[in-house]
Amino acid sequence: MQSLLLYLAIGALVGYFLSMINKRLGPIVLLALSLYGLFTLWNMPIGSVEDLFGFEDILQFTALSKYFSIITLIVFSCYAFFNIVWISKAKRPYAFSALSILTLFGTLGVFLTPHLIALYIFWEVAVVASLFIVPMGKEESKKATIWYIVISSIGSYMFLYGTFLLYSKFGTFNLFEISGDIASEGTGFKWLVSLLLLGAGVAKSGIFPLHVWLRNVHGNAPDTFSAVLSGQLVKMGSYIIALFLGAFPIATMFSQFYAGVNIFSYVLIWLGNISILIGTFMAIKQNDMKMLMAYSTVANGGYILIGLALLDQVGFAGGLFHVINHALAATMIFLSFAAVVYRTGTTKIDEMGGLIFKMPVTFVTYLVGIISIAGIPPTSGFVSKWMIFQSLISKGMFVTAMFTFVGSIGSFLYVFRPLAGVFLGQLKRKDKDVKEAPMIMLLPMIILVALTILWGVFPQQVLVWVTDVQRQFGMEPFKFDGTVLYSNLGHWDSWTVFVMFMVGFIIAAVIYILMPKGKKIPLDDQYTSGEFLHNFDLYHYATKYYAFLEREYEGHPSFEDWYTSIVNVLKAIGKGVDYLVRRTASAYTFWMALVLALLLWVRW
Amino acid sequence: MIALLIAVPLVFAFASIPHERLGRYFLPFVAMFNLVCLFFFMHPEQILEVGKWPAAYGIALVLDNVSYPFLIFVNFLILMMSLSATLENRYGTLLLVLTAAVNGIMLTGDFFNSFVFLEIISVIAYIVAAHKDNALGAFKYLIFGGIGGTMYLLGAVSVYVKSGTLNMAYASFITDPMVVPTICIFFLITFLVELKVLPLGLWAPDVYSNGSSVTPIALGSIVTVSLVYLFSRIFLNIFDLPNPQLVGILAMVSIIFSELGALKQKGLGRALSFATISGVSTVVAALSMRESEITSAAYFYLFNDVVSKFILFTLFAYLGERGFKSNKTAGIAFTFASLSVVGFPMFAGFWAKYYLLKALFQVNSYALPAIILIAAVIEAGYLIKWNVELWYKEEDREKDREDVEAEKAEGVEEVEEVEDFVPFGAQVVTLLLALTLVVVGFMPGLIHDQTMSIANHVLDFRPYLDLILKGGM
């Protein structure tokens, strides 16, 4: 582990200078390092302990580390592969490559250490590195960077404060040593510490009320980096949540509240509910496809949080499984968007259309991605949602189950918007000559599609990782046998379902081939019945796609506005200070000094 | 021997009067000379009784384990400034006098003598503050500083009236404990003014933001460090801090309000000035705790803050808000410095925060850490904003340049430095300091060992007393 981190740190420098020779070398270095990391960590036995730069036993390879590192490295490998071509569009290719490698260094470090200060250091490295990539995107991305750093700092400083609180009580920074003793502390202390430590996870994984940065940052960051942000960096937050919920004896630390769920988890579950609601409804509204997926990330962060907070055999496993599903799906979707933007140069849904004919592989990637996000078999997205639903229903938590169902149905709606707007419908005149993305871009997308379907049909490999985590945290592991998954309420055989789907698909294909072909007419004619049109955009059905739904919640409160107004209040106070600075002179400074002296003298 | 640290700069200052330009060239050599002396020929602990008068009657110059590292740091800063700043004719001479005075204030063991040096520093400071035609700012400083100076004099006089001696060590030994708090309040007011704790630090933003490469560094770094030394000497070593809780609260309020002031600013210079107030207020808040680990962390914090602000202010003086497109080296130094100020890992600033928070939590102090972290969030917000803006400033710059040229054509004389030119000296110095921050970020022990030793010595009054009075009167 130490050597891997060392290579990554050096790799950042090497990547920078090699990029100067040829831009494409930067992503190649990242790819090589990611594949090397994937290979080493995949084969590393769980429980290995190593020193880091002379500090003893800082690195500890837990089952959770393994699971999250593998996700990270898969995402980064695909991202690096994709970038080999895409880098030619990057604004500052040298810095972009070097900072990408540094981001990987930081995130892997986070996953590999239970030492809270080391974790914080790696965490901030990842944040700083990614922070300077974000403003390389669109014009608004500079503003987005501020959202990113402020919300991220709120989270990470909460974490730091909590860490030191724990240190002052237990005299150690090692999480696993602390977790044994924490149950006996006072209630107030336990609440405070748990909330503070989870603050970082909440901020990073875009959970309400710290979800506001995702739209700006994911929406405006460089196109391929959005894939890492949503597919990977957000998962750092999920890792922190999983780590604390797993390592701390949450169930014994807090009293039972409802359906066998303790009060702290219950609070988290409600944060998850609200995130799902906000993420879903806001995603439906977006016309920018990247911002749409950013809100979808908020909603999926909610699913993960609910799953993890359930802390039981099925729900926790479902939450963990959802992490890898969303990572893969988000990466796929953002990479396919990046490919679309690479060819068309826009992210606005209503400025595109009909790209299915021009970019079929990209379309298939997006399609599989959204099927997985929406949780439809045979993709892996179904498996994790099924597990979360099972757990919720078996506990009788119907309100939460309702939120998750609403989120699922909502996700059908919002993922359909880019599908219909970007890939289906009429091809814009300006996109007549668009070609499919280059092969190097398509390969990582195809690999991701294959993995999503593979793990949807044969989820064993992922479930082995997940149950290892559960075992290590002393939970009852999720039960599965081959492709058959068991819960309290029944079982699910993904292979059978896959076969059924395939049979249906084959029947449909046969019918399609045997039946007479439809007549091909120019696309415009379908809308206009052959009339001549002056303004095609008005007839583009992606324009105001969900107007009928958006109308229902038009005047909703905006958290972005609320937070902006808080900042404005702070600035107003600052203006007051500044006023004093500008006006101050002469006499009343003397009086001020005198009053102060008196105050000090009377020993107030 | 130790008197050379004061005498040599003073001699060269006088020598440079006939040829104004000479001072500029003397300054680096004098600073270098001081450093060489300190490293090779002077070691703590030693005492010089001026005019052979025994300590309690005459003036004594004391080089002990507290003043020694401070002297090295301050002279190092002076050396750096002499290389990086653009010194117009007279400023060389002024800064030589300043060197003498700051060295003096850190060496002297006598209240009245320290008042004299303080006043010399103040006079120089007023002139330096007026650099770049910043008369109004300098005037504000003059008023605040005047009150501060008077208070210090009152304190020194009270000490003399009550104890019959001006020697710091002896006075603390024999002054009636009943009157000590009152005397200390006089001194405290001076320090609150000079260390820029709001509301008495309201003069600072106007002075520091004048865009000079001298003012904020001479005042914000060099004078501030020497006054933090004097603050520690008087309130940690000799007397007790009066009403430490109130001082702590005042400093905490100052941290938050100065950060808010910085948040509001549209100009980089003023934002940095407010950030400086917040930095020093943090140090004061931490020092008011009077605990060795916290004190050590406070000095570490001071080190980081001073070095980072040195870089930030120097680059601001040369580049203004024109971006780093053609000045990558400067940009890297600027980014490193701002990341260090905020306290990101891999930089000295992280360890400053780490040690401070750790020490504070150990004594169960929870308010100051919260304040520091809240301030860090605000700081991160505006400093990163500036970094992003300056790094990614491309198209705007061309426009700016046209504007500037247009103004010049119209005969507006105010605009200087149209070229994005950072002098070689300043580039080397800022880069060197930025690398120092990184090196300390990886090896915090380099500084932490020193600050720990200072903290242990400063909180232990006995050795100082023994050194001066040689075990008795």
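1. Contact between the chains. In this predicted model, chain A and chain B touch through 43 residues of chain A and 42 residues of chain B. On the side of chain B that touches chain A, the elements giving two or more residues are α6 (135-163), α8 (180-194), α9 (204-208), α11 (244-264), α15 (348-362) and α16 (367-391) of chain B. Of these, α16(B) gives the largest share, eleven residues. Sorted by class, the side of chain B that touches chain A holds 30 nonpolar, six polar and six charged residues.

2. Domains of chain B. The domain assignment divides chain B into domain 1 (1-242) and domain 2 (244-412 + 419-442). Taken over C-alpha atoms, the centres of domain 1 and domain 2 of chain B are separated by 24 Å.

3. Contact between the domains. Within chain B, 38 residues of domain 2 are in contact with 28 residues of domain 1. Which elements of chain B give two or more residues to the side of domain 1 that touches domain 2? They are α3 (67-84), α9 and α10 (215-238) of chain B. The largest share of that side, ten residues, comes from α10(B). By class, the side of domain 1 of chain B that touches domain 2 of chain B has 16 nonpolar residues, eleven polar ones and one charged.

4. A helix pair in chain A. Helix α6 (residues 141-170) and helix α9 (residues 213-220) of chain A have axes that come within 8 Å and cross at roughly 135°. Because of that angle, α6(A) counts as oblique to α9(A). The crossing in which α6(A) passes α9(A) is left-handed. From α6(A), the contact is made by S141(A), K143(A), A144(A), W147(A), Y148(A) and I151(A), and from α9(A) by W213(A), N216(A), V217(A) and N220(A). The residues of this contact of α6(A) with α9(A) comprise six nonpolar, three polar and one charged.

5. A helix pair in chain B. Helix α13 (residues 292-319) and helix α19 (residues 445-458) of chain B pack with their axes 8 Å apart, at an angle of about 130°. That angle makes α13(B) oblique to α19(B). The crossing of α13(B) and α19(B) is right-handed. On α13(B), the contact is made by S292(B), T295(B), S296(B), Y299(B), F300(B) and F303(B). On α19(B), the contact is made by I447(B), H448(B), T451(B), M452(B), I454(B), A455(B), N456(B) and V458(B). By class, the contact of α13(B) with α19(B) has eight nonpolar residues, six polar and no charged.

6. A sheet in chain A. Three strands of chain A form an open sheet in the order β5-β6-β7, with antiparallel pairing. Why is one side of β5 (480-481) and of β7 (490-493) of chain A left without a neighbour in the sheet? Both strands stand at the edges, each with a single partner strand, so one side of each has no neighbour in the sheet. Strand β6 (residues 484-487) of chain A runs antiparallel to β5(A), and two bridges join them. D481(A) has V484(A) in β6(A) as a bridge partner. In general, strands of a sheet pair through backbone hydrogen bonds, either parallel or antiparallel.

Terms used. Residues are numbered from 1 along each chain as its sequence is written. Chains are lettered from A and ligands numbered from 1 in the order in which they are written. This is a predicted model: local features need pLDDT of at least 70, side-chain atom pairs count only at pLDDT 80 or more; totals for chains, interfaces and linings use all residues. Two residues are in contact if their C-beta atoms, placed from the backbone, lie within 7 Å. Helices (H or I, at least four residues) and strands (E, at least two) are DSSP runs, numbered from the N terminus. Ala, Val, Leu, Ile, Met, Phe, Trp, Tyr, Cys and Pro count as nonpolar, Asp, Glu, Lys and Arg as charged, and the others, Gly among them, as polar. Domain bounds come from an automatic or database domain assignment. Axes are lines fitted to C-alpha atoms, for helices over the stretch in contact, and angles run from 0 to 180 degrees between N-to-C directions. Angles under 35 degrees count as roughly parallel, over 145 as roughly antiparallel, 65 to 115 as roughly perpendicular and the rest as oblique. A crossing is left-handed if the near helix is turned anticlockwise from the far one by less than a right angle, and right-handed if clockwise. Two strands pair if DSSP finds at least two bridges between them.
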